[in-house]
Structure formats: structure tokens, C-alpha cells
Amino acid sequence: MRPVAHQEATVVEMLQPVQLQHDLSFLWKPQLRWLDVLSDSFIALTYFLITFALIGIVRKRKDIPFNRAFFCVVGFIIACGITRAMQVVTLWFPIYWVSGPLEVLTAAISIATLVMLGRASPSILAIPDKMADHKFSELIEDAPDAILEVDAKGTIILANQTAETMFGYRREELLGSNVDLLVPVGNRSRHKDHRQGFVHSGTARVMGQGMGDLYARRKDGSEVSVEIGLNPVKTEDGIHTTAVIRDVTERKRTEQQLERTVVQLNSLLESTTVCVLAVDSAWTIHYLNRNAASLLSVDRDIQGMTLWDAFPAQLPEERTILRKVMETRQPAWYESFYPPLDLTTTVQAHPWEDGGVAVFFSDISGQRRLERELEIANRRAESVLENTNVGIFAVDRDWVFRYVNEDAKKLLKARDLLGKDMWKSFPGMTAETTERMRQVMSTRTPAGFDSYYPPLDLSTHLSVNPWEEGGITVCFSDISEQKRMQRELDWERVMREQRLEVLARFSAGIAHEIKNPMAIIHARASDLVELAANGEVLSAAVVTRTCESIVKTSDRVIRILRGLAALAREGANEPMLGASPGEMVEQAIELVQVRYRTNGIQIDSIVPDGLPLVECREVQIGQVLLNLLNNSFDAIEASKTSERWVRVEASRVSSEEGVEQLLIDVVDSGPALSTEVIEHLMEPFYTTKPFGGGIGIGLSVSRAIVTAHGGTLELRDCHGHTCFRLTLPVNAVRVDGVAA
Amino acid sequence: MRLEDATILIVDDEPDLREIFSAWLECERCTVLTASNGMEALSILETTKVDVLLSDIRMPVMDGVELVREVFKRKLEVPSIIFVSGFGVVHLREMYGLGVEAMIEKPLTRKYLVQVLHDTLKEREELWLIPSARPVEEVELAMGSLAETEATCQFQMGKGGCCFTSDRPLTEATTIGLSIEFAGDGRKLKAQGAVRWFDDATSQAGVSFLYLDSSCRDWVIAGMRKWAYRSFIPECRCDTSDVSSGDAAQTIVGASIPR
């Protein structure tokens, strides 16, 4: 414990006052002295700590006003602290020349503080009142508008946080300054007058009414667009004014933009060629643009009238549509006609804000007129295309009918072709016609040709032309009548040619056949002449024998000549008379006999007795039989291997309907014909014979003749042999058909 | 040969005519055979020597043309052939080539038939003695040897005429004067003939002799006999190559004799 005691002694010794003579307190007991030292030191320390605390608070709370007064108080407290500290020091070190002036300084600071407080007291006195209502103060502070209170002289006595940021001044700068500080320099003199006026009127108002936009001046000299509300407040100092200032820079800009937009929109509406008219929910016209006014021939002052009053002649249909738009709030598009002006418009009616309707419309009268004229022109063109007996139709690239005129419908015996496929609508078109049409479609080169449409037995001349967008047009005229006449002429020609051909074919044989008997007659007669000339006596037997031979041979010639005459006759105009089938067969065989015999072909006929007479043109049927025999001859001659015979068989049958018929079959030993040959055999000019072997008209002509007699001519296959069967009604029905 | 020594075959499908012709010829005391068609005639010709074949053209089974073709083909001894035609188209060039000597038309008298048969049966020495008064045209040609022209079909001889390549078109059924010099043989044919056929395409002509000049008569007749020609007038048909080698013939332009 010693060392410790020693140390304590040392500290005490150090703290021993050296000169205490000048202070009565030295006479105090040491305990008292220590009490004094400790309390003074503590008080001094507390002064300093308070100072730091205050400074810290002030630094953190910017809103605390009266900084100068505050600093004076702080200085005063520090000075007091220092004075206390000096009192402790002087206990041990009598530096009274130091402590004395410090106390004087302290006194000076305290006086200054007093003066300061004295001066600030009115303001300070005012603060506690407002601050008392803490909520109110917060309200002001946080208000979005700047709030100032100005006394009667114009001095700012209250300003909130927003005012600081709005004007760029700190609150201390604002408080106590004249409010003119915030008025743009150019307006300050007037502002003073206005302010005075306001104070005298004593009623709340919005500042700057009728003066245009208001601007406030910021500390940096820039100006902000503001709105200011003024309110007088009566106080003991007279009438104060609270001003609520709102920064409207942003709103002004928006307004300006809006205005510009409206102007643009307006000019747009005015300059557009579209007419615009808007009505509100009560059908009052709110707007119509210049175009609308001019198109509808009205002044723009109809704005304010109802639509119904302004346009009494509007058609009810249109009104119905507009009402519907109004009710349903759904837009509508329609075409309108306004009779008083003969005006056709295309209209879009849209629901408009506040329950109204905006109508946009444009004049299409010209367009409609053109269309009407075009339609008339089209109708005229169509009427030209109609009733011409020329069928016209157009198909598109997919062969779908796009246009069909009346004549085409008539000729084709079809209705409702539009939109239908041509090939499906008219199957059975010949391969040639099909091919030619397809060619025009693909090559885009026009073509004209004759065509035959079998299902309708229609012969036409077609003119096929490429049509826009890949289709074709087809114009056709009915040439069936023409063709029929042509056919008849052809038949006649063919008949004539055939007779000539038959004559030519038989002429050699016939001449031979005639020359032979003529040679016999000539020889017999000349023998007699010679004998007589020589003066020989002719016995009756010789003369008889010779002359009998001459007569017999002459008969032969006459028979041949009769057959020839029949062959040479037209036949077509002869009356239908009863003819014996047997005679007809015999006569035909007679004509070919020589040729057959010469070529070693056996010809037989089987004609039973008692066949009825057949009503027919004998010559024509004879020609048919002759044709058939010629065909058989050619067929046998063409075949190197076949047997060589022809058989003609006549018989009578009763058809299913009970009609009595005569059948004449011409069967030959030639090879059976192929199906292809059979198909074409009856066509004119079809021939199986090599070139020069005949012109192939026989069978078609024969068939035409038989058909005209009400009979048939068919090709049959009889046990591998060719057989033509000629069927004739025994009592012919008179058929006026092909003039064969 | 005299008619009464001759054997004559009559072919006709007309019995009355066969009967009449037979009667006429039997009056001339010649031997008469008959057939009703070519086939029958052919079988007779194969077994019997016939001097004259008198045939109809149009007949059943086998006609006259087919008959002479067969005779030629079978290399039978060819008699003088006379066609008796009614009416018909025959190819003259072929017919003369096959040995047909004459064609007569029906109807015909006994005298005419007998005359024709007489002429046909004459020896060559009796023929071609009298020149025609005035041929319508004179043809003069120059050629190589006879053998050469035979091979190239430029000139060929038959038993009653010749065929040759002419230097000008000739009209059928006209009489021409013909003078052909065969340089290779040092011979010259001088004759008159009737143009029986003319081929425009090849400019070939078939001519039957009417007169042979005495300067050439001997060697021509000797040649005919020596070569025993089968054709009356040859057809002058050679291969195309031979025909085109006609350059060998030097054609002398003969003076046309004005009508």
C-alpha cells in the first residue's frame, strides 16, 4: 500500500495551491475548497457539453430559424463555461490577468446576446404560437404549393419548405425580406400598387387576374410560371396576406402542347377533303368542318342546331342508322344519298365522346355517276352482245364461266352457268374442240374453227380469243343448219361420186360384158352375110340357130344395159313403190357377176319364194346392195388367204313391235373386221382400202339411204365372217330425212 | 408358116365366141385348140406346141395377162401371141416385153382375124420390106457396141422391134425413122417403126419395126434368129445404175422431118 499512498501524496502535493494569500477562500477548509473545485469544473464541463449538443441539434435541424441569435446564445454559454473553468484554475495559479479579461469578454457576449434576443423577440414570440399547432405547421411544410405570409408592409413573415425550393432562397433569407424580392424586376413597381390595393380590398382572390400569365423570380434570376392565391389575414399588426403559389410551368407546357395539338387537329379537320360533322347526344351539331359545310351547302353557324332541323330532307334510312350508332356506340359504314343536293356520299359514323356521334363522309356522286354510266354502257354493250345469235361466253384460267350471254345459254340449252366448270358443264366435247381451246388458253393465240358438239347435235363456228387474266372468250355461231345443208349437199355429191365410181369400176367389166355378146352377134350376123354373099343356100336350121343365138345374146346385152341405167339414175326422187326383193338381189348380182366370175369369186343368193314386195325406192336399195357386194369383193381381194365366196340371203321377220321386216344379209368369206374398223366403217370417206382402192363413201351413203327408208344397216360378225344386215320395213314409213 | 400348117390355141371364157372362132379357123384348115381360161391354156401349152396363142384378156380363174406372164416365167416356148381384147387396161410395155405381138379388138370379122394370123405367121424375110411414105420424125443416135448397149439397156432388140434411149420425146402410135450407129461393131441400124410406148421419165421408147433398110436388114434378121428373142419389143429395164450410165451414148441430133 505504500507506493499507492506515496503516489496519492504526490498528486495532492502537485495540486497544493502555491499562493493563497489573496483569496479568503484559502481560509476554507480543504474539503470546502475541493467541493468548490469539483462543482466549478463540473459546471464548466456541462457548459461545453451543452454547447456541443446545441450545435449538433442546429446542424441537424435546418429549419431552426434565428441562427445569429442562436450563435450568440451559444457564444454566451461557452464564455460562461470558460469563466467557470478559469475560476478553478485561479485557485492554484493566480493568473487573474487572464481570467479577468475573459470574464469581461463573457459579460460582453452576454450583453450582445441580450440585445439580439431583444431584437428577435417579436419573431420569437410569434413562433411559439404557430408552432404550437404542430399539425398545422406540418401541413404547411408539406404543402405542394409554396406558402408565404406577408405583413402589411410586404415583409415575409412565414415561408414553407416548398417556398424555399421554389424560389431558391433559404428560409432565413425569405423571412424578413420584402415579398417584392420574388417579383420579376419589371413588375415590381406595379406589384407594390396591386399589393396595396389588395390589402385595402381585403377579399381573397386569385392574383394577376386579367393580367396574363404570372411569373415569380427565383434567386438565380430565372422566372417560373405561377398561379397565386391571395388571402387577407387580420392580425394585431394589421392585415397580413397569405399567398399560396403554385408552379404551373409543367401545366402551362402541357396546355400549350394541347393547344397546339388542337390547332393542328383543327387545321387538319378543316383542310381534309373528308367532311366531318359531330353531334352531341341531343343531336345538336357541335362541329362541322369547312368541307362539310360546303358540300352540304350550309353555313357553319348551323352549329348549335340539331341535325334534324339543319337537314330536314335527310332520308329516314340514314337517320335510323345514325340513331343506332348513337344507341349502340358501334360505328357504322354506309352509303348515303341526300336528295336535295343529289348527293351521294360514303359515310362512316363513329360514336363520339360524351354520347355523341361524329360523322365522316365524302362525296362519291361523281364516282357513282361514272359507275352508273359505265353500267349503262355495259348494259348497252351487253345488249349488243345479246340477241345476235352469237353465243358468247368467257371462262377464266380455271375454265370457270365468268360471262355467258343469252344466246349462248339458248344455244347450249343451259342456264346458271356462271361460276361453273366448263368441262363439267359440257362433257362430251370432241377431242379436237377440247384441244383447240386448251391451245388458245396456253398459247394466248386466238383461233377460229368449226366445232361439233355431239350431245346437242350442234355445229358451230368457234372464235376463241385470249381474255384478260389468263382466261379465254369463246364466240360461237350456230351453223348446224348450214352444216345440215352442207351435209345434204355433200350427200348428194357423194351419191353422185359414188355412182360415178361404181360406173367407173364396172365400166371395164361392163364394156367387156357388152362387147362379148356384141362380138357374138356381130360374128353370127356377119357369117350369115358372108354365106349369102357367096350365094350359098342357107338352111332354115342354120338361120334359126344363128338368129336364136343373136336374140339370146341381145337379151343379155339389154339386161346389162337396164342395170346400168338403174345405176346411173339419181333414184332419190323416185316414188316409193313395191319392189320384189328377189329381183333387186338378182339385178345387183347381175351387175357384179362378171367381175366376181373374172376374179374367181363364187356368188350365191338365197331368196325364198313368197317374199312380200317391199315399199322402197328400188334403184336406191339396188345401189345399197351393189355397194355391199363391192365391199365384199374388195375385202376378199385384199385377203390372200381367205376363201372366195359371197352369199346373199333374203328373209322376212317380224320385229318385237310386230312390224314385218325384210332382212338381206350379205356375208362374205373375207376376214372379220377389227373393232376399230367397225367403229369408223360408216363414216364418210373412211376406207380400209389402200390408197386408190376406193374412196370409202359406199357404206355411209348406204346407211343414209337405208335410214331414210326407215330401215337399218348393221355390221355383224357371222362365224368369223363379215356380214352386213340390211333391214327394211315391208311397209315403209315415209321418212323425210337425208335426201340420199 | 402357112396358116393351114399352124396350131392355134383359142382362149376365151365365152363359149359362143370360142365356137365361132373355131369354126372360122377350121375353115382355114388349121389346127384349133380351145381353152376357157388361162389355167386351161397353160396346161395345153405345157404339153403341146402351139404356133399362135389367141387369147381373151378378161377371164375368170386366170386372165390373159397372167397367162402370158406365166408362159414367160416358165420359159415355155413362146408362140406368137395375139390378144383379143374387149375392153381393158393393159400395160403395153409389159405386154410387148412378154412377147405379145398384136392386139385386136372385138367385135371382129373372120377376114380380119385370118389376115392377122397370116401376118403373124409370116417369116421375117417376108416382113419389113416396104418403107412408109413419110415418117413424122427422124431419130439419129450414136452408140457403142450392141453387146454394150444391151447390157446398159441403151438399145435392145426384140423379135419384132427394139427399145432404145431416145434423145427426144416421142409420140406413141406415130411412125419414125430410126438411124442408130453402133461404133463398136461398125454397124448401123436404119429402119422405120411405130412407136408403141414411150417412157417420159427415162426417155425410153419401144418401137415395132415397119421397115428395115437393106443395108442392115440381113444382120438384123440374122441376129433376131440367132438370139431367139422372147420379147416382141424388150422392156429396156436395167438397174438404175446401168440406166444412168447413158453417157456412153453419143446422141446425134437428127433432123426432124417436117410434116
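A: Begin with contacts, meaning heavy atoms within 4.5 Å. Not counting residues up to four places away in sequence, Phe401(A) touches residues including Phe393(A), Val395(A), Leu417(A), Met422(A) and Phe426(A). A caution: this is a predicted model, where local features need pLDDT of at least 70, side-chain atom pairs count only at pLDDT 80 or more, and totals for chains, interfaces and linings use all residues. Residues are numbered from 1 along each chain as its sequence is written, chains are lettered from A and ligands numbered from 1 in the order in which they are written, and side-chain values use heavy atoms, with hydrogens and water left out.

Q: Is Phe401(A) buried or exposed?

A: Buried means under 20% relative accessible area, exposed over 50%, partly exposed in between (1.4 Å probe, protein chains only). Phe401(A) is buried because its relative accessibility is 0%.

Q: How many disulfides are there over all chains?

A: A disulfide is a covalent bond between the sulfur atoms of two cysteines. Here the rule is a pair of cysteine sulfur atoms within 2.5 Å. The count is 1 over all chains. Cys163(B) and Cys236(B) form a disulfide, with sulfur atoms 1.8 Å apart. These two cysteines are 73 residues apart and link distant parts of the chain. Cys163(B) and Cys236(B) are both buried.

Q: Which hand does the disulfide of Cys163(B) and Cys236(B) have?

A: Read the torsion about the S-S bond. For Cys163(B) and Cys236(B) it is about 85 degrees, so the disulfide is right-handed.

Notes. Helix = DSSP H or I, 4+ residues; strand = E, 2+ residues; numbered from the N terminus.
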